[in-house]
Amino acid sequence: MSKMYPVNLILEGQHAVVVGAGSVGTRKIEGLLECDARVTVIAPEPTEEVLTLAQSGRIELQVREYQPGDLDTADIVFVATNIESVNKRVYEDAVARHLMINVADKPEVCNFFLPSQLRRGHLSIAVSTEGASPLLARRIREKLEEQFSESWSAYIDLLASRRNRVNTEVPEHERKNYWEAAIDGRVLSLIEAGKSKEAEELLDSILTEYINK
């Protein structure tokens, strides 16, 4: 198999078709909604969570088997069924339409794989074994969760909140030095200790230092 090309997709407003809505399909649907995709689900036996999403208008749900033509308006396709014939048929239909398709746990009928992903606000860390061992990718992600606590979300938000000032007020030749100082661990340590105000004050003092250089 060729090497994979890692990429982050912008799915806002894109039409994602999900075939199958068991526990695995439900997780796929929830992930797509987090990315503001427009989701259509086709499944004869959807979970209660999927039914609730449909009732609230967050997804379009077709409670039936997959049919030819279901991919006509799709931009991307996800399949989560245990029926090999369905997996193969959806894959063939998607490939014929030059669509990206992922079939859960079936690398032979995929043209892209989903990494095991850790999110901390704007921080996203993806781990992939290129379909060789999804369980191993999950185990590695779990180890990363221990290293990157929830504090990283607030930390990155704080750094981002000063970015415009850095780009407009810090001399261009000093910007890299500013960012090196801002991410040297001091600000993060304060946030992890629950000292958000002190972290903000420290970052502002670093910013003022480099503005005045």
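The structure is a predicted model, in which local features need pLDDT of at least 70 and side-chain atom pairs count only at pLDDT 80 or more, while totals for chains, interfaces and linings use all residues. Residues are numbered from 1 along each chain as its sequence is written, and side-chain values use heavy atoms, with hydrogens and water left out. The secondary structure of the chain comes to nine helices and seven strands. Here helices (H or I, at least four residues) and strands (E, at least two) are DSSP runs, numbered from the N terminus.

**Overall shape and surface**

- The radius of gyration is 22 Å, well over the 17 Å that the globule rule gives for 213 residues, so the chain is more spread out than a compact globule. This radius is taken over C-alpha atoms, and the globule rule is 2.2 Å times the number of residues to the power 0.38.
- Along the principal axes, the C-alpha atoms fill a box of roughly 65 × 40 × 30 Å.
- Of the 213 residues, 39% are buried. Buried means under 20% relative accessible area, exposed means over 50%, and partly exposed lies in between (1.4 Å probe, protein chains only).
- The accessible surface of the chain comes to about 12,800 Å², and 49% of this belongs to carbon and sulfur atoms. Such areas come from the Shrake-Rupley method with a 1.4 Å probe, and for residues only the protein chains shown count as cover.
- Among contacts (heavy atoms within 4.5 Å) between residues at least 6 apart in sequence, 52% join residues at least 24 apart.

**The five-stranded sheet**

- Five strands form an open sheet in the order β3-β2-β1-β4-β5, with parallel pairing. Two strands pair if DSSP finds at least two bridges between them.
- Strands β3 (60-62) and β5 (100-103) stand at the edges with a single partner strand each, so one side of each is left without a neighbour in the sheet.
- From one strand to the next, the twist averages 15°. The axes are lines fitted to C-alpha atoms, for helices over the stretch in contact, and angles run from 0 to 180 degrees between N-to-C directions.
- Strand β1 (residues 15-19) runs parallel to β2 and is joined to it by five bridges. One of the residues involved is V17, whose bridge partner in β2 is T40.
- Strand β2 (residues 38-42) also runs parallel to β3, with three bridges between them. Here V41 stands opposite L61 in β3.
- Four of the five residues of β2 are buried, so this strand is largely enclosed by the rest of the structure.
- In a regular strand the side chains alternate between the two faces of the sheet.

**Aromatic pairs**

- The whole structure holds five aromatic pairs. Rings of Phe, Tyr and Trp (its six-membered ring) pair if their centres lie within 6.5 Å; planes under 30 degrees apart count as stacked, over 60 as edge-to-face and the rest as tilted.
- F148 and W152 form an edge-to-face pair, 4.9 Å centre to centre with 65° between the planes. F148 is buried, at a relative accessible area of 15%.
- Ring pairs link F148, W152 and Y155 into a cluster.
- The ring centres of Y178 and Y210 are 6.2 Å apart and their planes stand at 75°, so this pair is edge-to-face as well. The pair links distant parts of the chain, with Y178 in helix α7 (residues 175-182) and Y210 in helix α9 (residues 196-211), 32 residues apart. Both Y178 and Y210 are buried.

**Single residues outside the helices and strands**

- S149 has its place in the loop between α4 (134-147) and α5 (151-161). S149 is partly exposed, with a relative accessible area of 24%. Not counting residues up to four places away in sequence, S149 touches R120 and E192.
- N8 is found in the segment before β1 and counts as exposed, at 69% relative accessibility. N8 and D75 are 67 residues apart in sequence and 15 Å apart in space, C-alpha to C-alpha.
- D36 is found in the loop between α1 (23-34) and β2. Its phi is near 65°, a positive value in a residue other than glycine.
- D105 lies in the loop between β5 and β6 (116-120). D105 has a positive phi of about 60° although it is not a glycine, and it is exposed, with a relative accessible area of 62%.
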